[in-house]
Amino acid sequence: MKESRKRKKSRRDSSSSSSSSSNDSGSSSSTSSSSSSSQSSTERKRRRKLQKKKLAKQQKKEDKAKKKALRREKKAKRKQEKLESKLAKRQLKEQRKKLARSQEQHNAVGAPSSVPPVEEKDESLLDCGVPLDLMNRKARAPETREEYEARQSIIRRVVDPETGRTRLIKGDGEIIEECVTRERHKDINRQATAGDGAEFQRKTVGWNVR
């Protein structure tokens, strides 16, 4: 009986040792699995960080390329504007020279001193709606009220070379009536009718009366 009891105890001890060994192996396997999962998660994080850095670098490169292209376009536009302004200035200079030459020729022919020189307008000037006085100003800014009033307040006496009539013109072209005496009014009418008759005779065929 004692021997049988000893055998049972030895069996129990062996079973407990086997269970303890199995528990140890399970715990080691769980630790190994947890370590492998942590390593895989860290590798994923590293990969994501690397991908983010690459994307950021690519975006920076694209932004730099866009900025360079915009700068080039701005430079090209500035160059074109400068060229256009130079061409406009040259054209204005040429037009002024032509007008000066025509005035000199008109004065050399022997135009009367009271008659102002007639400006010969080119076809290029007819298309321009802005006055040359405003175009040739140094400051490229809108005209102030004071400047406009000063320009419009100038009154000049213009003589019509065909009929010989004198008119008072204010500013850009406003015709003003002049208050004169009755005798002066009669003289003006006589001169006007005489000038009209002479002009009519010049234009009619066969009457070259001067």
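These legends go with close-up views of a predicted model.

**View 1**
Of the 210 residues in the protein chain, 7% are buried. The protein chain exposes about 19,500 Å², and carbon and sulfur atoms supply 51% of that area. Looking at contacts between residues at least 6 apart in sequence, 29% join residues at least 24 apart.

**View 2**
Three strands, in the order E1-E2-E3, form an open sheet with antiparallel pairing. Strand E1 (155–159) and E3 stand at the edges with a single partner strand each, so one side of each has no neighbour in the sheet. From one strand to the next, the twist averages 45°.

**View 1. A closer look at E2 beside E3.**
Here strand E2 (residues 166–170) pairs with E3 in the antiparallel sense, over three bridges. To find your way around this pairing, look for Ile-169, which stands opposite Ile-175 in E3.

Thr-181 belongs to the loop between strand E3 (174–176) and helix H5 (182–203). Is this residue, Thr-181, buried or exposed? Thr-181 has a relative accessible area of 53%, and the cut-off for exposed is over 50%, so Thr-181 counts as exposed. The side chain of Thr-181 also has a polar atom 3.3 Å from the backbone nitrogen of Arg-184.

Note on methods: Residues numbered from 1 in each chain as written. Predicted model: local features only at pLDDT ≥ 70, side-chain atom pairs only at ≥ 80, totals over all residues. Heavy atoms only, no water. Helix = DSSP H or I, 4+ residues; strand = E, 2+ residues; numbered from the N terminus. Buried < 20%, exposed > 50% of the residue type's maximum accessible area, 1.4 Å probe, protein only. Polar contact = N/O pair within 3.5 Å; in protein donor to acceptor, adjacent residues only side chain to side chain. Pairing = 2+ DSSP bridges. Axes fitted to C-alpha atoms, helices over the stretch in contact; angles between N-to-C directions. Contact = heavy atoms within 4.5 Å. Areas by Shrake-Rupley, 256 points an atom, 1.4 Å probe, with all protein chains shown as cover.
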